[in-house]
Amino acid sequence: MPPSVSRSVTGRATRLVALLATSLAAGAAFVAAADSRSLAAPFSNAYPADGDTGLRAPARYFLRRAWVQLTRNMAATPLPATVALDIGGMAAQPFTVAWIGHASLLVRAGDVWIMTDPMLSEYATPVPPFGPKRLTPLPIDPDDLPHIDFVLISHDHYDHLDLPTLRRLARQPGGPPRFLAGRGLSSWFQREVGIASEDFDWWQSTRAGALGLTFVPAQHSSGRGIVQKNHTLWGGWIIEHDGQRLYFAGDTAFSAHMFRDIRDRAGPIDVAALPIGAYRPREWMRFEHLDPGEAVQAHVELGARRSLAMHWATFQLGDEEPITPSHDLAAALQVRGVGGFDVVSVGGTLTVAPAGHPETLTDAGSARSSRDPRRPCAGAALPFPRTAGC
Ligand SMILES: [Zn+2]
């Protein structure tokens, strides 16, 4: 075979292998959703959804996502800004939360630092560089993170349970954090991270001083491969400190019944961190992820005093454009006449304040009260609509 033909064939073969590998990687995070009925799965959603057969995530979806990953130049794609994370400012507050991308929150509660679904990697995939690549940079050098005391895991999909990040945290100076996760993950943690997680059933709590942590239901699924679907439990977390409550929803679809149960059983929610991305195609994403309109309804059902958008624009996992969730959220808030749902830059923070005290939103390096009528809509400098108080 002439060298040029050989190179051409080799190039096509390499591309095909890459396409298949990327497809596999992109699919792995969601294949868990493909058949939640498989192999005597011990866990299922607590709030059955009409029409949810458990069969979804068709092959054509993964091929389409893989093709986008391989061919799309994301350089011109509008994205939210990233602002430097203000660790000193967070430490000065009694209770505050920062969005550091995807479902990763950094929480300061008293003298304790908490991370949810810590994801500091460039790829959300078991086989990098094939699979979803980070779109928005981290707001902090991981070496500059404070000592993390607690890691709260929502579930085991690759974009939420990131092994390199967990291993990094296990080796952090000052000792590993406590890893808290859903039932069934302790053996994975012991084997892969070297430290067993403390596993929780829904509604199970633990306390540490003024801090209370409760694992609550989510409408989702779990699994990190083709088999073993729904063998570990998924959920969200209520972080309670000194009478205030922050709800981290993890990955969830909509259930009015579930959000009302969380409101009724956990107590009033001061701040809810709600996912708004990866919602198209709706034909099956609706059984796994909120769309922005549903996130607004979740905010209402929860009775949350404020909500914070997360799980968007960090990795492209749905068919919508990365910036679209913020636009759809702004539209849904306007149509519903609902306020108090913030879209912040990556690295933006929100204080969790007692009832009757306004929360403070810190974004783009300037602090303001999100209820300050003099600055009702400070999003003009940002490439996406600000929704709080607008
Ligand atoms: Zn998930």
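Analyst: E359 counts as buried because its relative accessibility is 0%, where buried means under 20% relative accessible area, exposed over 50%, and partly exposed in between, with a 1.4 Å probe and protein chains only. This is a predicted model, in which local features need pLDDT of at least 70 and side-chain atom pairs count only at pLDDT 80 or more, while totals for chains, interfaces and linings use all residues. Residues are numbered from 1 along each chain as its sequence is written, and side-chain values use heavy atoms, with hydrogens and water left out.

The side chain of E359 meets that of R305 in a salt bridge at 3.1 Å, N to O, the term standing for a side-chain nitrogen of Lys or Arg within 4 Å of a carboxyl oxygen of Asp or Glu. The pair links distant parts of the chain, 54 residues apart, with R305 in the loop between α8 and β12 (306-310) and E359 in the loop between β14 (349-351) and β15 (360-363); helices (H or I, at least four residues) and strands (E, at least two) are DSSP runs, numbered from the N terminus. R305 counts as partly exposed because its relative accessibility is 22%. Through salt bridges that share partners, R305 and E359 are joined with D270, R306 and D342 into one network.

By the same rule, the count of salt bridges comes to 17. One of them is formed by the side chains of R280 and D328, at 3.1 Å, N to O, and this pair also links distant parts of the chain, 48 residues apart.
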